[in-house]
Amino acid sequence: MVVFEAFILVSLITVIAAVLMFLLKDVLHIVLSLSMIFLLNSLIFLFMGQTLLAAIQIFVMIGGVSTFLFVGAASMQYSKFSYSRVAILSAMSILLFAVIAYPLTTMNFTGMAQSQFNSASIAQQFEGSTPIFYIMALTMFGVCFGAVLILRRIGAAK
Amino acid sequence: MILEIYFILVSFALFAIGVAGIAASRHFLIMILSVEVILVSASLLGVVFFFFNVGGGIMLPLFLVWTIAAAEAIALVAFYRYMAKFELSLDVSKLSKYGE
């Protein structure tokens with residue numbers, strides 16, 4: 001029962017951190033709240049029993065993406081305004097949540113058939129998908145490199 | 001034991017907040033970070049469905065989500081630094097005049 005209460009607490013803090021993103025004005029605080037969402041999401045993975053995925057989530061999202069966002073965006077302290085319309089945000093998010101969660105009322109959830117992903121099945125899952133991973137990574141690298149080139153060109157023209 | 005519906009509800013809540021955040025915000029940075037929230041909810045929902053119902057085979061979509069999130073962060077910082085350097089407004093409703 002303690003685990004369930006801890007899960008409820010973590011879930012509530014996750015949602016609160018997501019809402020805070022639109023209420024805070026400082027860029028540093030906004031990125032900090034997004035990093036909190038990443039961290040709590042990895043905790044939710046732990047509640048599901050997926051320890052390996054939680055570790056990968058921390059490595060990729062906290063160690064990589066959040067650090068990059070902190071260094072790149074939040075260090076400049078450029079913008080300090082909040083343009084989120086809170087009334088529209090709250091009304092629309094509650095309405096959208098109700099619409100997409102309504103079909104769940106007719107479903108049965110038994111909590112059965114839970115499987116755990118472990119390191120032994122990594123090779124099995126990666127087998128045959130390696131070219132797709134490479135194509136994906138190269139495409140993303142090309143997109144990022146192209147974005148930087150285009151921005152440099154725009155900046156030079158200006 | 002925690003039923004999967006609770007994880008699904010958390011994922012739906014994050015997704016709703018992310019989508020509403022894009023619609024309700026005019027700040028460039030907040031809009032992009034809302035997409036990150038949507039990606040987090042997508043990864044959570046994918047893990048829930050694969051491990052509670054289908055089983056196995058989650059690595060490819062999960063790595064796809066993480067790759068998109070990382071690439072989006074890089075593009076975001078590139079745009080952000082560019083806009084900060086040239087003192088462009090981060091209000092997306094004012095960006096249309098720069099294309100003219």
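At what angle do the axes of H1(A) and helix H1 (residues 4-24) of chain B cross? They cross at roughly 5° and come within 10 Å, with axes taken as lines fitted to C-alpha atoms, for helices over the stretch in contact, and angles running from 0 to 180 degrees between N-to-C directions. That makes H1(A) roughly parallel to H1(B), because angles under 35 degrees count as roughly parallel, over 145 as roughly antiparallel, 65 to 115 as roughly perpendicular and the rest as oblique.

Some housekeeping before going on. This is a predicted model, where local features need pLDDT of at least 70 and side-chain atom pairs count only at pLDDT 80 or more, while totals for chains, interfaces and linings use all residues. Residues are numbered from 1 along each chain as its sequence is written, and chains are lettered from A and ligands numbered from 1 in the order in which they are written. Helices (H or I, at least four residues) and strands (E, at least two) are DSSP runs, numbered from the N terminus.

**Where the chains meet**

Across the whole interface, 68 residues of chain A are in contact with 61 residues of chain B; contact here means C-beta atoms, placed from the backbone, within 7 Å. H6(A) gives the most to chain A's side, with eleven residues. That side of chain A splits into 49 nonpolar, 17 polar and two charged residues. For these classes, Ala, Val, Leu, Ile, Met, Phe, Trp, Tyr, Cys and Pro count as nonpolar, Asp, Glu, Lys and Arg as charged, and the others, Gly among them, as polar.

**H1(A) and its two partners**

On the H1(B) side, the residues that H1(A) meets are Tyr6(B), Val10(B), Ala13(B), Leu14(B), Ile17(B) and Gly21(B). Within its own chain, H1(A) packs against H2(A) at an angle of about 155°, with the axes 9 Å apart. That makes H1(A) roughly antiparallel to H2(A). H1(A) residues meeting H2(A) include Phe7(A), Thr14(A), Ala18(A) and Met21(A), and these four also turn up among the residues that meet H1(B).

| Contact | Nonpolar | Polar | Charged |
|---|---|---|---|
| H1(A) with H1(B) | eleven residues | three residues | no residues |

**A look at H2(A)**

H2(A) covers residues 27-47, so 21 residues, and reaches 30 Å from its first C-alpha to its last; the expected span is also 30 Å at 1.5 Å a residue, taking 1.5 Å times one less than the number of residues. Its buried residues include Ile30(A), Leu34(A), Ile37(A), Asn41(A) and Ile44(A). Buried means 20 or more other C-beta atoms within 10 Å of a residue's own, exposed means 12 or fewer, and partly exposed is in between, with C-beta atoms placed from the backbone. Just after H2(A), Gly49(A) takes a positive phi of about 90°.

**Over to chain B**

Chain B has three helices and zero strands, and 49% of its 100 residues count as buried. Leu14(B), found in helix H1 of chain B, is buried, with 27 other C-beta atoms within 10 Å. Leaving out residues up to four places away in sequence, Leu14(B) touches Thr14(A) and Ala18(A) from chain A, plus Val37(B), Val40(B) and Ser41(B) from chain B.

Technical notes
Contact = placed C-beta atoms within 7 Å.
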